[in-house]
Amino acid sequence: MDLPGTLSCDDELRHWPTDEAQARAVQDRLRPYVRLDEPGPQPGFAGTVVGVDVAYDDERDVVAAAAVALDARTLAVVDEATAVGRVSFPYIPGLLAFREIPTVLEALTRLTHTPDLVVCDGYGQAHPRRFGLASHLGVLTGLPTIGVAKNPFTFRYEPPGPERGATSPLLDRDAPGDDGEEVGRALRTQKGVKPVFVSVGHRVDLERACAHTLHLAAAYRLPETTRAADSLCRRALASA
DNA sequence: GCGACAG
DNA sequence: ATCTTGTCGC
C-alpha cells in the first residue's frame, strides 16, 4: 500500500526518540508539516475509513495494534490487519504517540488499500503543543486523520446539549485573553450519553471531523472504527 | 512544590 | 491502557 507522506516514515522510525526531551523535539520539528487548510473527504464519500487502536500487556512488554478498514458509507468491514511489537516508550501525557505509532504504522501498512481517512483513539490538535497522536500519524503517513478521545485531557468544555449531534467547543485551558482557542469539540454521539472529544489530525477540518465521527457513531457512543480496532487489537494481543 | 494528565 | 462480577435499567 502506498502512502502519500511528505517525509519518510522509515527515517522517522529509525530515529525514534528514547526520552522525553527528544520526543518533544520531534514534535516541534514535525508540527509545521500538519495541514489544516484542507477540508478532507466529504461526509458520505465513497472510500474507506480506517480505525486504529492498540492494547498492551505490561507483563510481557508486548503491544498489539490493529487497523480496520470500513466502507465509509455502509460501515461494513472491508479489510483488517494487525501487528505485534515491544513497548518502546512509557506513557507520558502529551507523548502518547511515541508509545503507539510504531506498531500502529506496521498494522496500517499491512492493509491492502490506502485509507481515505484514519480515525485515532486520542487527540490531534487538542494537544499541549498542537501535535497529538492523530496529527503525528497524519504527518508520518500523509493521510487525512482525526482524533476521537473518550476524555477531555486537560481541556475545558461546557457540556453539549443532550441531543445526538450537539457539540460544544473544547477550549485550551489558559490561553491568554479570552475563552481560549478552540482545539476541538465535545460531540454528543448518543442522546444523554457522555460526549466524545473530537479534534483535527491532518488534512481534515473540524466540521468534517465531527460529521464523520457522528456518522461512525450511529449506534454507540464510540465510532465503529474505534470499536472494531479495539476489539481486534485485544484479540491480537491475546493470541500473541 | 503540588496537582492534573489522551491511552 | 489495565486490574475485574455482578448488577441496575431500558
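Student: Which element gives the most to the lining of the largest cavity?

Tutor: β1 does, with three residues. Keep in mind that this is a predicted model.

Student: Which elements each supply at least two residues there?

Tutor: They are β1 (48–57), α3 (96–109), β4 (117–121) and α4 (133–141).

Student: And which residues line the largest cavity?

Tutor: Val52, Asp53, Val54, Glu100, Val104, Cys120, Asp121, Leu133 and Leu137. By class, six are nonpolar, none is polar and three are charged.

Student: What volume does the largest cavity have?

Tutor: About 40 Å³. The structure holds one cavity of 30 Å³ or more.

Student: OK, back to β1. In what sense do β1 and β2 pair, parallel or antiparallel?

Tutor: Antiparallel, over ten bridges. Take Val54, which also lines the largest cavity. Its bridge partner in β2 is Ala65.

Student: How many residues are between β1 and β2 in the hairpin?

Tutor: Four. Asp61 is in that turn, and its phi is positive, about 60°.

Student: What about the other partner of β2? Over how many bridges do β2 and β3 pair?

Tutor: Nine, again in the antiparallel sense. β3 covers residues 77–86. Ala69 has Asp79 of β3 as its bridge partner.

Student: What sits in the turn of the β2 and β3 hairpin?

Tutor: Five residues lie between the two strands. Leu75 is in the turn and has a positive phi of about 65°.

Student: Is β2 mostly covered or mostly open?

Tutor: Mostly covered. Nine of the ten residues in β2 (62–71) are buried.

Student: New topic: Thr145. Which strand is it in?

Tutor: Thr145 belongs to β5, residues 145–149.

Student: Buried or exposed?

Tutor: Buried. The relative accessible area of Thr145 is 0%.

Student: What does the side chain of Thr145 reach?

Tutor: The backbone oxygen of Ala134, at 2.7 Å. Thr145 is also in contact with Leu137, which is one of the residues lining the largest cavity.

Student: Which other residues is Thr145 in contact with?

Tutor: Leaving aside neighbours within four places in sequence, they include Leu117, Val118, Ser135 and Gly138. Val200, Gly201, His202 and Val204 are also among them.

Student: How do β5 and β8 pair?

Tutor: In the antiparallel sense, over five bridges. Val148 has Val198 as its bridge partner in β8.

Student: And over how many bridges do β7 and β8 pair?

Tutor: Three, also antiparallel. β7 is residues 182–187. Leu187 stands opposite Val196 of β8.

Student: How about the second largest pocket? How much space lies there?

Tutor: About 170 Å³. β7 gives the largest share of its lining, three residues.

Student: Which residues line the second largest pocket?

Tutor: Among them are Leu36, Gln125, Arg130, Glu181, Glu182, Val183 and Gly184. Val200 and Val204 are there too, and both are in contact with Thr145.

Student: Last one, Leu222. Where is it found?

Tutor: In the loop between α5 (206–216) and α6.

Student: Is Leu222 buried or exposed?

Tutor: Leu222 counts as buried because its relative accessible area is 19%, and the cut-off is under 20%.

Student: What does Leu222 touch?

Tutor: Lys150, Val196, Leu216, Ala217 and Arg227, not counting residues up to four places away in sequence. Lys150 is one of the residues closest to the centre of the largest pocket.

Notes: Residues are numbered from 1 along each chain as its sequence is written. Chains are lettered from A and ligands numbered from 1 in the order in which they are written. This is a predicted model: local features need pLDDT of at least 70, side-chain atom pairs count only at pLDDT 80 or more; totals for chains, interfaces and linings use all residues. Side-chain values use heavy atoms; hydrogens and water are left out. On a 1 Å grid over the protein atoms alone, a cavity is a set of points where a 1.4 Å probe fits but cannot get out, and a pocket is an open set with protein on both sides within 12 Å along at least five of seven lines; lining residues have an atom within 4 Å of a point. Grid points are joined across faces, edges and corners, and a volume is the space filled by probe spheres set on the points. Ala, Val, Leu, Ile, Met, Phe, Trp, Tyr, Cys and Pro count as nonpolar, Asp, Glu, Lys and Arg as charged, and the others, Gly among them, as polar. Buried means under 20% relative accessible area, exposed over 50%, partly exposed in between (1.4 Å probe, protein chains only). Two strands pair if DSSP finds at least two bridges between them. A polar contact is a pair of N or O atoms within 3.5 Å; within protein, one must be able to donate a hydrogen and the other to accept it, and residues adjacent in sequence count only if both atoms are side-chain atoms. Contact means heavy atoms within 4.5 Å.
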